[in-house]
Amino acid sequence: MHTVTELVNFNFPAKTVWDIISDVSRSDWLPTVSKINIIDDYRIFEMEGMGQIKEKILECNHTTMTLKYSAIETRTPINHHLATMEIIALEDSICALKWTTEIDPEIFGNAIYQGMLISIEGLKKILNERE
């Protein structure tokens, strides 16, 4: 199993960033995703280069600002996927996003990491448009 982690600070209050991430139906900050369908605890979408993905939302905790999800159906079979996004308040208007993904087989680690970086840039764009 391979684990990738990205830690990035934002000059926005934790709640502002959390409100975007915790709305699991939003796709505007995910540049490679055009539309998300929510069915019960599942998020289903098409991702550029990856095809259709079905994720199970395992946790969306508004108190700890933690989102956990697992890809359970993908075009290419995977043995394990678990992603955790956590928003950490650092100051009144500064927070950090810690995004960790476990993936098996390891060969998908770089693709997962690149997807995380692209999504973080999309999140920055959405946040900056709010100013």
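1. How far apart are the mean positions of the positive and negative charges of the protein? In this predicted model, the mean positions of the 12 positive and 20 negative charges lie 3 Å apart.

2. Overall fold. The protein contains seven strands and two helices, and from the N terminus the order of elements is β-α-β-β-β-β-β-β-α. The radius of gyration is 14 Å, close to the 14 Å that the globule rule gives for 131 residues, so the protein is as compact as a globular protein of that length. Along the principal axes, the C-alpha atoms fill a box of roughly 40 × 30 × 25 Å.

3. Burial and surface. Of the 131 residues, 40% are buried. Among contacts between residues at least 6 apart in sequence, 48% join residues at least 24 apart.

4. Helix H1. This helix covers residues 14-21, and six of its eight residues are buried, so H1 is largely enclosed by the rest of the structure. The buried residues are Ala14, Thr16, Val17, Trp18, Ile20 and Ile21. They pack against strands E1 (2-10), E4 (51-61), E5 (66-73), E6 (80-91) and E7 (94-104), and against helix H2 (109-129).

5. Salt bridge in H1. The count of salt bridges in the model comes to six. One of them joins the side chains of Asp19 and Lys15, at 2.8 Å from N to O. Both residues lie in H1, four residues apart, about one turn of the helix. An α-helix has 3.6 residues a turn, so residues three or four places apart point the same way. Lys15 counts as exposed because its relative accessibility is 55%, over the 50% cut-off. Asp19, at 35%, counts as partly exposed.

6. Salt bridge between strands. The side chains of Glu55 and Arg43 also meet in a salt bridge, at 2.8 Å from N to O. This pair links distant parts of the chain, with Glu55 in strand E4 and Arg43 in strand E3 (residues 42-47), twelve residues apart. Which side of the burial cut-off does Glu55 fall on, buried or exposed? At 6% relative accessibility, Glu55 counts as buried. Arg43 is buried too, with a relative accessible area of 7%.

7. Lys124 and Glu121 form a salt bridge through their side chains, at 3.2 Å from N to O. Both lie in helix H2, three residues apart, about one turn of the helix. Lys124 is partly exposed at 27% relative accessible area, and Glu121 is partly exposed at 47%.

Technical notes: Residues numbered from 1 in each chain as written. Predicted model: local features only at pLDDT ≥ 70, side-chain atom pairs only at ≥ 80, totals over all residues. Heavy atoms only, no water. Rg over C-alpha atoms; globule rule 2.2 N^0.38 Å. Buried < 20%, exposed > 50% of the residue type's maximum accessible area, 1.4 Å probe, protein only. Contact = heavy atoms within 4.5 Å. Lys, Arg positive; Asp, Glu negative; His and termini not counted. Charge placed at Lys NZ, Arg CZ, Asp CG, Glu CD. Salt bridge = Lys/Arg side-chain N within 4 Å of Asp/Glu carboxyl O.
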